[in-house]
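Dear colleague,

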Amino acid sequence: GEGETPGCYRVMCSLLTHRRSQSPQQRFVCAATAAALCWALQHRRPQGDGVGALGQGARLAALGVAVLRHMLQLQCNAQAITVLRDTGEGAGSVRGMREVCVGTALYCWASLLNHSCQPNTTASFQGTRITLRATQPIPAGEQVLHCYGPHWSRQCVGDRRKSLQTQYFFWCECSACVREGGEGSPAPQAQFLCRPCGSALSLEEGGYRCVRCAQLVPPQSLQQQLQQLRLQMEGAGNMDSTHTDTALAQLQQCQADAQSLLPAQHPLHGEIDDSLARVYATHGEWGAAAQHLQRSLHAVELQYGAGSVELAQQLLKLAQVLFNSRSVCEAESVIDRAVPLLTTHYGADHDTVAELREMRSCLQSLPGRR
């Protein structure tokens with residue numbers, strides 16, 4: 001990648017392919033692709049000493065070997081290049097942001113870092129240049145750890161280990177996996193509530209049983225209700241600005257249904273609050289939007305942690321809402337919290353950081369600050 005040292009290609013070539021662990025189908029696809037590329041070069045009309053010259057003898061064979069090796073390296077060493085993009089959701093200056101993958105690349109020094117499901121670094125990209133920043137102080141002698149994808153806040157230990165074993169061919173023994181899986185995966189606090197009495201449902205053989213009234217509920221029924229709730233929420237969130245009243249009514253019904261089906265710590269409550277905040281912001285009801293974003297912010301912090309990129313993005317939205325409502329003190333407080341987080345994850349020169357600093361400057365110049 002851009003910014004790599006001249007000797008980096010030798011390191012790149014030394015990265016493991018785990019060829020014997022990869023499926024025969026994957027090895028065949030890589031070999032066939034490398035062979036097809038060499039065939040195309042061999043049959044290309046020679047153009048002086050340029051690309052056509054590669055089609056002669058040992059140089060073409062060396063190219064084929066290198067291409068095949070790098071293709072086999074991709075599964076275990078490639079880094080997804082992500083950027084923060086506007087989702088198109090939100091109202092005016094209140095934007096929905098999401099990280100999206102725009103490409104894949106090999107970065108030799110990043111590939112040398114060990115994985116942790118609870119890493120002490122975060123990666124960001126500027127074009128093809130990768131930057132790794134520490135998310136916490138790293139004492140001398142302690143490993144610099146990078147997340148290969150599976151993260152403690154997004155997947156349970158069993159799913160993380162399975163994913164890492166499938167793609168990277170190792171059984172994860174990071175601190176998060178050892179903590180969660182040392183005595184078996186801990187049971188969730190409560191995934192569902194009993195609709196008749198509002199008590200927690202406990203998973204047992206045959207279904208979920210209410211801890212108070214002992215009613216047994218089939219798991220398929222609960223999963224269907226949850227899926228239907230998500231579909232209704234997404235449908236309301238996708239309505240255009242001409243149907244905001246309908247969207248608001250639908251989301252309020254989703255909120256009522258979620259309160260009777262799901263415990264207070266379930267992340268879907270935060271997602272519904274986030275959707276409600278977007279609708280209120282579309283109406284220009286900044287106070288109501290801020291209240292729902294505050295609740296969503298609490299849910300995001302519980303799920304992803306106080307130093308997470310998800311929390312940073314949510315703080316950005318709350319700052320935008322409070323800025324539009326001219327709530328100076330509250331907005332400045334959120335900005336002061338958001339800037340260090342966004343700087344850690346994206347760098348001091350990122351557009352979101354510049355936007356927040358400009359907001360603060362505007363707020364400080366307002367007459368009659370309140």
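A crossing is called left-handed if the near helix is turned anticlockwise from the far one by less than a right angle, and right-handed if clockwise. The crossing of α7 and α8 is left-handed; helices (H or I, at least four residues) and strands (E, at least two) are DSSP runs numbered from the N terminus. This is a predicted model, in which local features need pLDDT of at least 70 and side-chain atom pairs count only at pLDDT 80 or more, while totals for chains, interfaces and linings use all residues. Residues are numbered from 1 along each chain as its sequence is written, and side-chain values use heavy atoms, with hydrogens and water left out.

The axes of α7 and helix α8 (residues 244–261) come within 9 Å and cross at roughly 155°; axes are lines fitted to C-alpha atoms, for helices over the stretch in contact, and angles run from 0 to 180 degrees between N-to-C directions. Among the residues of α7 that meet α8 are L222, L226 and L229, and the α8 side includes A247, L251 and C254 (contact means heavy atoms within 4.5 Å).

An open sheet is formed by 3 strands in the order β7-β8-β9, with antiparallel pairing (two strands pair if DSSP finds at least two bridges between them). Its edge strands, β7 (201–204) and β9 (216–217), each pair on one side only. Helix α7 (residues 219–237) packs on this sheet, touching β7, β8 and β9, and its direction makes about 90° with that of β8. Between β7 and β8 (residues 207–210) there are 4 bridges, and E204 stands opposite G207 in β8.

Yours sincerely
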